[in-house]
Amino acid sequence: MPRQIFTEEHHAFRETVRTFLAKEVTPHYEQWDQDGIVSRDAWRAAGRQGLLGLAVPEEYGGGGQSDFRFSAVLAEEFARAGAAGLAVGLHNDIIGPYLTTLGTEEQKRRWLPGFCSGEIITAIAMTEPGAGSDLQGIRTSAEDAGDHWILNGSKTFISNGILADLVIVVAKTTPEGGAHGLSLLVVERGMEGFERGRNLDKIGQKAQDTAELFFRDVRVPKENLLGEPNGAFVHLMTHLAQERMTIAVSGIAAAEHLLEITSRYVKEREAFGRPLAKLQHIRFEIAEMATECAVTRAFLDRCIADHAAGALDAVHASMAKWWATELQKRVADRCLQLHGGYGYMTEYRVAKAFTDGRIQTIYGGTTEIMKEIIGRSLLG
C-alpha cells in the first residue's frame, strides 16, 4: 500500500539520508562495531549534511523544521541501514527537545550551535544500577551550594556515554519530594569529578558506546539547571511520547527490511532441489509477517502524522512503541530461523539485526511499562 503521509520534500530528504549513509556510515560501520564506538568524524559529517538539529531554530544553526516526519524518515533509513551506533535519533528527537523547550536563551546560544554541527555530542542520564523505569528510585543527588550544585551519584546504560560532551543528568534535588523532587542538570565534558566508567559490552549495537557515568562532588553551575527546579518529572513525561515514537518508527522499518531480505533469500536458497519459497510453510511464514508489518505500518503512519500535527497522546505512543518493537523482535527471530544455519552467522544481516534489535523492547520504557500506561488509561 502506498504511504500517504510524506510530501516530495520528505522524499528528497530520504535520498539525502541514504546518500549520507552510503558515503559516511556503511563503509566504516564494521570498524566501528569492532572499536565499540563511532568516529566523531561521522557526527561532524552528519552536522555538515544538516542531519543534526532538524527541529532546532535556524538562528542556533539548526534546520528550523519541527515536522516530525523528517525525523521519521531519518529513523527509518538508519534502521534499514542497520546503523544504530550513530545515535542521531537520541540526539535529535530525545535530547534536542529538552534543550530547545527548556533551555534559557543563554543556554541555547551556548550549546545548540555545537549540537547542530556535531561538535557537541549529547546524552541523557536517567538509569541507575538500582533504578530503571521507576524514577522514584533515583539516588543520584545534587545539593544546593549557593551559586552551584554539588552532584554525586552514578548512572549506567547511558547511550553516547563515552562520546558525550554534554549530559543531561536526572538528579534528586529535594530528597523528600520523591519523583517530584528531581531536577535536570547539564554536566559538561571536563567538569572535575565527572568520570566515565566502562564502555559496556553489549550483545548488540556494538558500535553504540554505552557507558557507566560517575559523579563525585561535581560542581555544576546554577546556569546549567535545565528547566524548573524539581521539575524533571513533568519535563520527562512531556517528552517521552516522542522518544517512544522514534523507537517505534525504527522498529517497524527494521522489521520491514528484514522481511525484504528474507524474501529474497528464500527465493534463492534451495532445499530438496527447489527454492525454499516453493514450500508452503515458507510462504505462510512470509505471508504472516508481511500482513503483520502492513497492519503495523498503517497504525504507525497514523501516529507519525498525528505527532507531526501535535495531536499524539502518550497512550497511543506507548501502543506504537510496544507493538512495533515486539513485532520487530518476532520478525527478527522468524527471519533468522528461515535463514537456517546462515542466520546464526554474524556476516549475515539477519544475525546482526537479531542482536541489535533486542534492546528495542527494553529501552525507552519496557513493553511491560507500556502496557501498564495503556492499562491505566483504560481502567484507571
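Q: What does K206 form with D201?
A: In this predicted model, K206 and D201 form a salt bridge, and their closest N and O atoms are 2.8 Å apart.

Q: Is D201 buried or exposed?
A: D201 is exposed, at a relative accessible area of 69%. K206 counts as partly exposed, at 33%.

Q: How many salt bridges are there?
A: The count comes to 32 salt bridges. As background, side chains of opposite charge can pair when their charged atoms come close.

Q: What does R109 meet in a salt bridge?
A: The side chain of R109 meets that of E59, at 3.4 Å from N to O.

Q: And where do R109 and E59 lie?
A: R109 is in helix α6 (residues 105-117), while E59 is in the loop between α3 and α4, so the pair ties together parts that are 50 residues apart in sequence.

Q: Are those two buried or exposed?
A: R109 is partly exposed, with a relative accessible area of 48%. E59 counts as exposed, at 54%.

Q: What about R334, which side chain does that one meet?
A: The side chain of R334 meets that of E292 in a salt bridge, 3.3 Å from N to O. R334 lies in helix α9 and E292 in helix α8, so this pair ties together parts that are 42 residues apart in sequence.

Q: Is R334 buried or exposed?
A: R334 is buried, with a relative accessible area of 18%.

Q: How many residues are in the largest nonpolar core?
A: The core has 60 residues. Those with the most contacts inside it are F20, F78, L86 and M245.

Q: Which elements give two or more residues to this core?
A: They are α1 (8-25), α2 (29-35), α3 (40-48), α4 (68-81), α7 (232-268), α8 (280-308), α9 and α10. The largest share, ten residues, comes from α7.

Q: What does UniProt list for residues 236-379?
A: An unreviewed UniProt entry lists "domain: Acyl-CoA dehydrogenase/oxidase C-terminal" there. In the model, that stretch is 75% helix and 3% strand, with its end C-alpha atoms 23 Å apart.

Q: And which annotation covers residues 123-218?
A: The unreviewed UniProt entry gives "domain: Acyl-CoA oxidase/dehydrogenase middle" for those residues. The chain there is 0% helix and 50% strand, and the end C-alpha atoms are 17 Å apart.

Q: Where is G197 found?
A: G197 is in strand β6 (residues 194-199), and it is partly exposed, with a relative accessible area of 24%. The C-alpha atoms of G197 and F214 are separated by 7.1 Å, although these residues are 17 apart along the chain.

Q: What about phi at F157?
A: F157 has a positive phi of about 60° without being a glycine. Most residues other than glycine have a negative phi. F157 sits in strand β3 (residues 148-159) and counts as exposed, at 57% relative accessibility.

Q: And what is phi at Q205?
A: Q205, also not a glycine, has a positive phi of about 45°. Its place is in the loop between β6 and β7 (210-221), and Q205 is buried, with a relative accessible area of 9%.

Q: Last one: which residues make the nonpolar surface patch?
A: Y342, Y344 and M345 make a patch of about 360 Å². Y342 lies in the loop between α9 (314-338) and α10 (349-356) and is partly exposed, with a relative accessible area of 37%.

Notes
Residues are numbered from 1 along each chain as its sequence is written. This is a predicted model: local features need pLDDT of at least 70, side-chain atom pairs count only at pLDDT 80 or more; totals for chains, interfaces and linings use all residues. Side-chain values use heavy atoms; hydrogens and water are left out. UniProt positions are given in the numbering used here, feature names are shortened, and annotations may be inferred rather than shown by experiment. Helices (H or I, at least four residues) and strands (E, at least two) are DSSP runs, numbered from the N terminus. Patches are made of residues with over 30% relative accessible area and no salt bridge: like charges are joined within 9 Å, nonpolar side chains (Val, Leu, Ile, Met, Phe, Trp, Tyr) within 5 Å. Accessible areas come from the Shrake-Rupley method with a 1.4 Å probe; for residues, only the protein chains shown count as cover. A salt bridge is a side-chain nitrogen of Lys or Arg within 4 Å of a carboxyl oxygen of Asp or Glu. Buried means under 20% relative accessible area, exposed over 50%, partly exposed in between (1.4 Å probe, protein chains only). A nonpolar core is a set of buried Ala, Val, Leu, Ile, Met, Phe, Trp, Tyr and Cys residues joined through side-chain atoms within 4.5 Å.
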